[in-house]
Amino acid sequence: MQKTPPATPLVKRLVVIGLGLIGASFAKGIRDLGLAEEVIGVDLNLQACQRAVELGVVDSCSTDLAAACKDADVIMLAVPVLALQTLLSKLAALNLKNTIITDAGSVKGHLLAAAQAAFGKLPPLLVLGHPIAGSERSGVEAANPGLFKHHKVILTPHAHTDPAALACVEQLWQGLGADVESMSVDQHDRVLAATSHLPHLLAFGLVDSLAKRSENLEIFRYAAGGFRDFTRIAGSDPVMWHDIFLANREAVLQQLDQFRGDLDVLRNAIAEEDGRHLLGVFTRARVAREHFSTILAQRAYVETMLDNNLIFLASPGGQVNGSIRVPGDKSISHRAIMLGSLAEGVTEIDGFLEGEDALATIQAFRDMGVVIEGPEKGRVVVHGVGLHGLQAPPGPIYVGNSGTTMRLLSGILAAQNFDTTLTGDASLSKRPMNRIAKPLREMGAVIETAAEGRPPLTLRGGQRLTGMHYAMPMASAQVKSCLLLAGMYASGETSVTEPAPTRDHTERMLRGFGYPVEVNGPTAKIESNHALTATHIEVPADISSAAFFMVAACIAPDSELLLEHIGINPTRTGIIDILKLMGADLSLERIHEVGGELVADIRVRSSRLKGIEIPLELVPLAIDEFPVLFIAAACAEGRTILRGAEELRVKESDRIQVMVDGLTTLGVSAQGTPDGIIIEGGPMGGGEIWAHGDHRIAMSFSVAALRANAAIRIHDSVHVATSFPNFLALCKQVGMHVEPEVHS
Ligand SMILES: O=C(O)C1=C[C@@H](OP(=O)(O)O)[C@@H](O)[C@H](O)C1
Ligand SMILES: C=C(OP(=O)(O)O)C(=O)O
């Protein structure tokens, strides 16, 4: 077999002992790539040795260990775990001086002890490793040089491992395309006992237990996909697994005992017909399985836009026509989960936003023991635990990109009897939290933040909150809502006065759950000692998401678009008022009320927009819509001036600066001011735009392309999934040309 042109060899002589699947694949990969000048195999089986040479797995092969290992730079031990002990003693007797010894075994503690016994100390050139790769196939015939590509290899250096030896082994694995990580021997054995050894034990055990029964033929005849999936690994090599369980005895026993406890609890739940417990386990397991890599990597919850470097390519021109319904309102979706969780009884939610931010809120409450079914096509069922029924989460609660989750949740968590830590992604980790930490502390909460009041936040449990009056220094529905939620737990009255009207979904929904809130002009007041009663919530479509399409239909020629079932709560309609002041042709149809919130269909037609001075009182009512309103302003005749919007600087990005940068790139005259922007309408070109992890920036520049004369490439668009997971699909449906750029 032909070698591919060699890379620079990393070592001269590599010896691979044991030419099973792993050893032979390692040898062949290294040899094919020329990472060693010479690859020698050692196997007790003469036939395997001959085949290995015939198949080009090794340059030569021997059954004589001492002869093969002479002058070796690296020896790879790829024999079954229990055979390693004897092998190490033989190697110790060879008195090798400068040879790195590494291995590919699944258990590390056992091997370390064997090395200590064989060599009398831990050799500095011993580098233990474990490739997390395999296949049902075995033997030298199954050698696959690509077996380790994109698979993890865990190296477990001991205290005296020589750094150069470690680097050499790491480079060999990396040369084979593996992702190399390192951890301690103990951690490795614990983790593998849980994620690999325990499932194999259960699969072997279950199949054997069923096979032993007298009715076994019947059972296997009806064994369907589920049984097959669960027990696939029971087809693995029995000798290898026998070795692994004996070698990793302690760690496996620990995992097994813990699992046995959980299994007993499940058994009791079935015996006692405790459906809520079962649902809790099943719903948590389902999402955990779907998202465990996501949660681990602290990334996204939905998979549609997982590419972190996602670039939107928006082609110039197009018309916008048809009728669409955008996803559910984000603010209302968050609140429905929060209040539903704290209510007595079962709350059903329809029209829920299945975007990352709202999913983060669901995950947070699942972490605190609330059983939440769905979302399934916008339907979510929340099994409320009552105001005092939350449980301590197993670890920090990760809320992704969502400021609303972090700030509203803080109001609830400040009053619990357990500690919690809230963390977020890079964008959220830069956003100010003192705006809630300060007033919550005044109510008696104990909260730690990172420098300058940034996340993560740690809220200490067991505090008694006292109601107070708070005059908010900024118009923020998140701060208002946070304090009202804390007020449900605080003694006496909690009241909040806002400097300008902000969205009032919390007040409305609290009432919908039967919790009294008094609103007097700019002040909302709440008291403790009431309860939330489960209810049904229908979430209208999000006006903030509809805004992109409103502007799109205004600025694109010959367009007419109907946006269906949009929430038009008067604290959210600034976008409509501002567009109308700019001359937009926009009308509301079928206005009606659904569950305490006004909804309407909104019809938008192309129109010649003109620049305006945006009235100050409309700013909080359109706070999330400014990025796309700036695009409208760029397409309008004349100058648009915004003031009083300094809050835009502390959203997912500094929305003033990022929009100024983007518009300038497109050739539009835009000038930032401390609290706003001045935009001169005019022709727009194309160019490279950076969204800075901000969903609304990415979507706004997608809309801009309708009037640009060249393509716009929008970098860092992954966060569109936080509020609008099907944005691209709806763009296509109405006639906009925005596509994810495909890159290798
Ligand atoms: O309460 C809410 O659901 C929100 C309030 C607003 O934030 P601020 O309270 O920071 O203005 C808004 O920007 C955010 O998207 C959602
Ligand atoms: C500011 C926003 O959201 P949040 O504060 O919840 O991150 C937004 O969606 O524009």
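Visitor: Where does Lys-330 lie?

Guide: In helix H13, which covers residues 330–342. Keep in mind that this is a predicted model.

Visitor: Which residues does UniProt list with it as "binding site"?

Guide: One such feature, from an unreviewed entry, is placed by UniProt at Lys-330, Ser-331, Arg-335, Ser-476, Gln-478, Asp-624 and Lys-651. Another "binding site" annotation, also from an unreviewed entry, covers Lys-330, Gly-403, Arg-431, Gln-478, Arg-655 and Arg-696.

Visitor: Let's take Asp-624, then. Where is Asp-624 found?

Guide: In the loop that runs between strand S26 (597–605) and helix H21 (626–635). Asp-624 has 24 C-beta neighbours inside 10 Å, so it counts as buried.

Visitor: What does Asp-624 touch?

Guide: Ser-544 and Arg-696, not counting residues up to four places away in sequence. Ser-544 also turns up among the contacts of Lys-330.

Visitor: OK, and Arg-696, which helix is that in?

Guide: Arg-696 sits in H23, residues 695–704. With 28 C-beta neighbours inside 10 Å, Arg-696 counts as buried. Besides Asp-624, Arg-696 touches Pro-627, again leaving out residues up to four places away in sequence.

Visitor: Switching over to Gln-478. What is Gln-478 in contact with?

Guide: Gly-403, Thr-404, Arg-407 and Leu-408, setting aside neighbours within four places in sequence. Gln-478 lies in helix H17 and counts as buried, because 22 C-beta neighbours fall inside 10 Å.

Visitor: Now the packing. How do the axes of H16 and H17 cross?

Guide: The axes of H16 (residues 434–442) and H17 (residues 477–487) come within 10 Å and cross at roughly 30°. Angles under 35 degrees count as roughly parallel, so H16 is roughly parallel to H17. The crossing is right-handed.

Visitor: Which residues make the contact?

Guide: From H16, Arg-435, Ile-436, Pro-439 and Leu-440; from H17, Val-479, Cys-482, Leu-483 and Ala-486.

Visitor: How many of those are nonpolar, polar or charged?

Guide: The contact of H16 with H17 has 7 nonpolar residues, no polar ones and 1 charged.

Note on methods
Residues are numbered from 1 along each chain as its sequence is written. Chains are lettered from A and ligands numbered from 1 in the order in which they are written. This is a predicted model: local features need pLDDT of at least 70, side-chain atom pairs count only at pLDDT 80 or more; totals for chains, interfaces and linings use all residues. Axes are lines fitted to C-alpha atoms, for helices over the stretch in contact, and angles run from 0 to 180 degrees between N-to-C directions. Helices (H or I, at least four residues) and strands (E, at least two) are DSSP runs, numbered from the N terminus. Angles under 35 degrees count as roughly parallel, over 145 as roughly antiparallel, 65 to 115 as roughly perpendicular and the rest as oblique. A crossing is left-handed if the near helix is turned anticlockwise from the far one by less than a right angle, and right-handed if clockwise. Two residues are in contact if their C-beta atoms, placed from the backbone, lie within 7 Å. Ala, Val, Leu, Ile, Met, Phe, Trp, Tyr, Cys and Pro count as nonpolar, Asp, Glu, Lys and Arg as charged, and the others, Gly among them, as polar. UniProt positions are given in the numbering used here, feature names are shortened, and annotations may be inferred rather than shown by experiment. A residue is buried if 20 or more other C-beta atoms lie within 10 Å of its own, exposed if 12 or fewer, and partly exposed in between; C-beta atoms are placed from the backbone.
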